[in-house]
Amino acid sequence: MDTKKLTVTELTRYIKILLEGDRITGHTVAVVGEVSGANAGPRGHIYFSLKDSGAALDCAVWASTVSRLRYKPRNGDKVLALGKLDLYAPQGRYKLVVNQVQPVGTGDIMAQLEALKQKLAAEGLFAEEYKKKLPSFPRTIGIITSATGAALQDMVRVAKTRNPRVRLIFHPAKVQGEGAAEEIAAALNYFSKANNVDVVVCGRGGGSMEDLWEFNREIVVRAIYSCPVPIISAVGHETDYTLADFAADVRAATPSNAMELAVPDTVELGQKLGQLAARLRQAANTKIKYNRTRMEVLRRSRCMSSPAMLLTEKRQSLEVLAERLIDKSRGNMEVKRQRIVLQRERLALLNPMNLLRRGYGIVRSGDGKLLPSVSGVKTGDDIMIRLSDGEINAVVRAVN
């Protein structure tokens, strides 16, 4: 039997007719799967994939249907999607045009990812206190990415544009698919041991959650955490997040942005240095001008024009001050002398010897205690009487 020859358009049209005429695919179908790669298009449509362990199905929700949805699909959610299969001839791809979406629960993959995230966070692998600062002026930068991806060319272009002298050491590694996580971890371990770079950029271009999944693997996260060199994670686009982003010292929005963070712009640095140099020159000129003005003022001053006359005036002023000081000292001494005389007179009035000269005496017992009263004296006691010029030892003959 001769094989019928068909054009691509004819074959595609035939497959479309089969799909539309089938008793299952030609009517509304209900498909259960996990949402992946959900994103809103510029015209309001929502595109995503439904997947399970064996296959993936492209899905689309047109803008006219989006407004009627009570639930909008989110990555990682397990959903029941109802719609009709449609084959888009220009690309030869079929998709499910969804008109209803109902959540079923959290997807197994997202649940596993969240569990791993919590485990690693509890061990401190994402802690801020362990983050290393990027060097201000790195000389050598390590790159870990695919040798065939556009991310490598973008990073090299940005790095060389910002600093043509920066040295780049590229370590190729698969960034998706089986064995990718092991290759990424091996590249990180190489830079950890080689100690030949100042910073490492590890990442890839954008893609679906499945494409970026290897950067969620525990072996990659632990290799990033253990690396002594500062690491910039540059996985996917700005809205994409992986566990590698949480473990890295710095997270970049894109691979190009990673190089912008790692490599200082020499042109910009040159401009800043020029501005600083201009400010320094201006400050120096201002200082020189100020000092010249001061020197001119000093040159015209009397101390420079007639120092002898200035010294004479200062000497005369000093003599006047010395005379004032002597007069002041003499006045103070006289006041203090008079105070001393007055205090001496007051002390003389209080001197008990003056009272003794007037005929009074001080009487003590035999053991030297003062006797202010006759109550403590008995007939026959020994007493001492102190007069102005000596003492009398006596015996009490009577107490009146």
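**Exercise 1: A residue in a strand**

I362 is found in strand 11 (residues 362–365), where helices (H or I, at least four residues) and strands (E, at least two) are DSSP runs, numbered from the N terminus. This is a predicted model, in which local features need pLDDT of at least 70 and side-chain atom pairs count only at pLDDT 80 or more, while totals for chains, interfaces and linings use all residues. Residues are numbered from 1 along each chain as its sequence is written, and side-chain values use heavy atoms, with hydrogens and water left out.

Task: Determine which residues I362 touches, not counting residues up to four places away in sequence.

Solution. 
Step 1. Contact means heavy atoms within 4.5 Å.
Step 2. With residues up to four places away in sequence not counted, I362 touches L356, L370, M384, I385 and R386.
Step 3. The relative accessible area of I362 is 28%, so this residue is partly exposed; the term buried means under 20% relative accessible area, exposed over 50%, and partly exposed in between (1.4 Å probe, protein chains only).
Step 4. From I362 to S388 there are 26 residues in sequence and 9.5 Å in space, C-alpha to C-alpha.

**Exercise 2: Two packed helices**

Task: State at what angle helix 5 and helix 6 pack, and which residues make the contact.

Solution. 
Step 1. Two packed helices are described by the angle between their axes and the distance between the axes.
Step 2. Axes are lines fitted to C-alpha atoms, for helices over the stretch in contact, and angles run from 0 to 180 degrees between N-to-C directions.
Step 3. For helix 5 (residues 180–194) and helix 6 (residues 218–226), the angle is about 10° and the axes are 8 Å apart.
Step 4. The two helices, helix 5 and helix 6, are therefore roughly parallel to each other. Angles under 35 degrees count as roughly parallel, over 145 as roughly antiparallel, 65 to 115 as roughly perpendicular and the rest as oblique.
Step 5. Helix 5 contributes A181, E182, I184, A185, L188 and N189 to the contact, and helix 6 contributes I219, V220, A223 and I224.
Step 6. Sorted by class, this contact has 8 nonpolar, 1 polar and 1 charged residues. Here Ala, Val, Leu, Ile, Met, Phe, Trp, Tyr, Cys and Pro count as nonpolar, Asp, Glu, Lys and Arg as charged, and the others, Gly among them, as polar.

**Exercise 3: The largest nonpolar core**

Task: Identify which residues of the largest nonpolar core touch the most other members, and describe the surroundings of V200.

Solution. 
Step 1. A nonpolar core is a set of buried Ala, Val, Leu, Ile, Met, Phe, Trp, Tyr and Cys residues joined through side-chain atoms within 4.5 Å.
Step 2. The largest such core has 32 residues, and I144, L188, V200 and I224 touch the most other members.
Step 3. At least two residues of this core come from each of helix 3 (108–122), helix 5, strand 8 (199–204), helix 6, strand 9 (231–235) and helix 7 (243–247). Helix 5 supplies the largest share, 6 residues.
Step 4. V200 is found in strand 8, and its relative accessible area of 0% makes it buried.
Step 5. Residues up to four places away in sequence aside, V200 touches G142, I144, L188, F191, V229, P230, I231 and I232.
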